[in-house]
Amino acid sequence: MNSLSEAAAAAGKSVGLTSDTITFTGGRPLNGRIVVRGAKNFVTKAMVAALLGDSPSTLRDVPDISDVRVVSGLLGAHGVMIERDVDGGVIRLDPTNVKSAHMAEINAHAGSSRIPILFCGPLLHQLGEAFIPDLGGCRIGDRPIDFHLSALRSFGAVVDKLPEGIHLTAPEGLRGAKIQLDYPSVGTTEQVLLTAVRAQGLTELSNAAIEPEIMDLINVLQKMGAVISVDADRVIRVEGVERLSGYDHRSIFDRNEAASWAAAALATGGEIFVEGARQAEMLTFLNVFRKAGGIFEVFDDGIRFAHPGTPLKPVVIETDVHPGFMTDWQQPLVVALTQATGVSIVHETVYEQRFGFTDALVKMGATIELHRECLGGQKCRFGQRNFVHSAVISGPTKMHGANIEVPDLRGGFSHLIAALMAEGESTVTNVGIIARGYENFLGKLRMLGAEFTVEG
Ligand code: EPZ
């Protein structure tokens, strides 16, 4: 996790966040309009893609979140010149003097994000070697990197695991490969794309992830000169090219952030216009939102989400890879489901440990039972492996304030919603984590009428 000062800066630009602890006074609806900019899970990858070019790239709609700063820091350590207009959301990345970074500079970023693993292919192409520090990111499961390393080896990379990280070389260069993923992993698909575009010959990736953020990364790579085709059956083909140039691109919006604000409107009985949200990338979320009783209206410049004013309805959700219901959408929505009349079921099939955040909701009065069985849908790969990965939420329950601690990014946002929904005061600690992926979230909460005080 990043230092508080950095995280706090991104979280509370306009509200002067000086502490990691906030006390919320709940029980009132969130109403108003907020803007959602570029997707955390695209922008950070597009920044890495800039490493592959032989001229500068410009990325637009970049949010001010701490994950962007971590990636900027790592790119800077490798000689990329970075100019950033934070308020305008524009970042310019010049990779013309890329160089190996000092170990100490790389290690300064250890444990702060998952993105460094994606530097492997671009650094191997540019420098012939890569050193990747220990990875961070949310603790929502084991989060292994075996698919990544196996894919890199298929391209001809030699991987040395060292106590402080991973060292890679490619003594014979990187060659196109035929790769079949056991699971449509988002990160591994990105790893393959970022490596294949400049590898010699053809790469064929089967069982690829096809999330909209990946499609936007393909847009960026095509702008740079790559040749990539996507078949309907999760097969991606890449014809390697010798050189790529820079790009100029506006990021896809952050559909995870948009869904979080939609859930906040539903949970608190309010109405939020999310400027920048688009229907196509949120289709599956919108269906579930409607089934739960939520009201939404799609406009050219965003989507309005509202509570119906009548009791919410229970739903059965199974998280899945795109085009399924995203794993990142379930945590905020679970908070709203505590207010639905009846029993809702959430079967988490992407991460094996993504219900840790429900402990705090139970402490606040929610009735949520966790199960090892695959409930409410297909059997998944966690069913036989003793993981607690299904939740049964019975509602409606009255929620009351409590002292709670943010466990991870999405779970943390769901805690904020719960604190704002519950009657009375809640003190939430460790809120800095939320700044990894939610731009100026405290400023936005303030604009929506939330009442809170920042400690210190
Ligand atoms: C990305 O993680 C996102 N992170 C996650 O968002 C998101 O939840 C996830 O995709 C699914 O959509 C970023 O984009 C930075 P995966 P990623 O590889 O790429 C297993 C958020 O809150 N797996 O698709 O790491 C893995 O354990 C974050 O914004 C392996 O077994 O996800 C998981 O069970 C959280 N071996 C499943 O695959 C591997 O080598 C899917 O992971 C890689 C993954």
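Pro-323 sits in the loop that runs between β17 (316–318) and α11 (327–337). In this predicted model, the peptide bond that joins His-322 to Pro-323 is cis, with omega at about 15 degrees.

Another backbone feature concerns phi. Asp-61 has a phi near 65 degrees, a positive value in a residue other than glycine. The place of Asp-61 is the loop between β3 (57–60) and α3 (66–77).

From the loops the reader can turn to a pair of helices. Helix α7, residues 186–196, packs with helix α8, residues 212–224, at an angle of about 10 degrees, and their axes are 11 Å apart. Angles under 35 degrees count as roughly parallel, so α7 is roughly parallel to α8. On the α7 side the contact is made by Val-186, Thr-189, Glu-190, Leu-193 and Leu-194. On the α8 side Ile-214, Leu-217, Ile-218 and Leu-221 make the contact. Sorted by class, the residues in the contact of α7 with α8 are 7 nonpolar, 1 polar and 1 charged.

Val-186, one of the α7 residues in that helix contact, is also among the residues closest to the ligand. The ligand is surrounded by 25 residues, and the closest are Lys-45, Asp-146, Ser-185, Val-186 and Val-350.

From the backbone, a polar atom of Phe-147 is 2.8 Å from an oxygen atom of the ligand. From the side chains, Tyr-351 places a polar atom 3.0 Å from an oxygen atom of the ligand. An N or O atom in the side chain of Arg-381 is 3.2 Å from a ligand oxygen atom. How much of the ligand's area does the protein bury? The ligand taken alone exposes 820 Å², and the protein buries 93% of that area.

Key: Residues are numbered from 1 along each chain as its sequence is written. This is a predicted model: local features need pLDDT of at least 70, side-chain atom pairs count only at pLDDT 80 or more; totals for chains, interfaces and linings use all residues. Side-chain values use heavy atoms; hydrogens and water are left out. Axes are lines fitted to C-alpha atoms, for helices over the stretch in contact, and angles run from 0 to 180 degrees between N-to-C directions. Helices (H or I, at least four residues) and strands (E, at least two) are DSSP runs, numbered from the N terminus. Angles under 35 degrees count as roughly parallel, over 145 as roughly antiparallel, 65 to 115 as roughly perpendicular and the rest as oblique. Contact means heavy atoms within 4.5 Å. Ala, Val, Leu, Ile, Met, Phe, Trp, Tyr, Cys and Pro count as nonpolar, Asp, Glu, Lys and Arg as charged, and the others, Gly among them, as polar. A residue is near a molecule or strand if one of its heavy atoms lies within 4 Å of it. A polar contact is a pair of N or O atoms within 3.5 Å; within protein, one must be able to donate a hydrogen and the other to accept it, and residues adjacent in sequence count only if both atoms are side-chain atoms. Accessible areas come from the Shrake-Rupley method with a 1.4 Å probe; for residues, only the protein chains shown count as cover.
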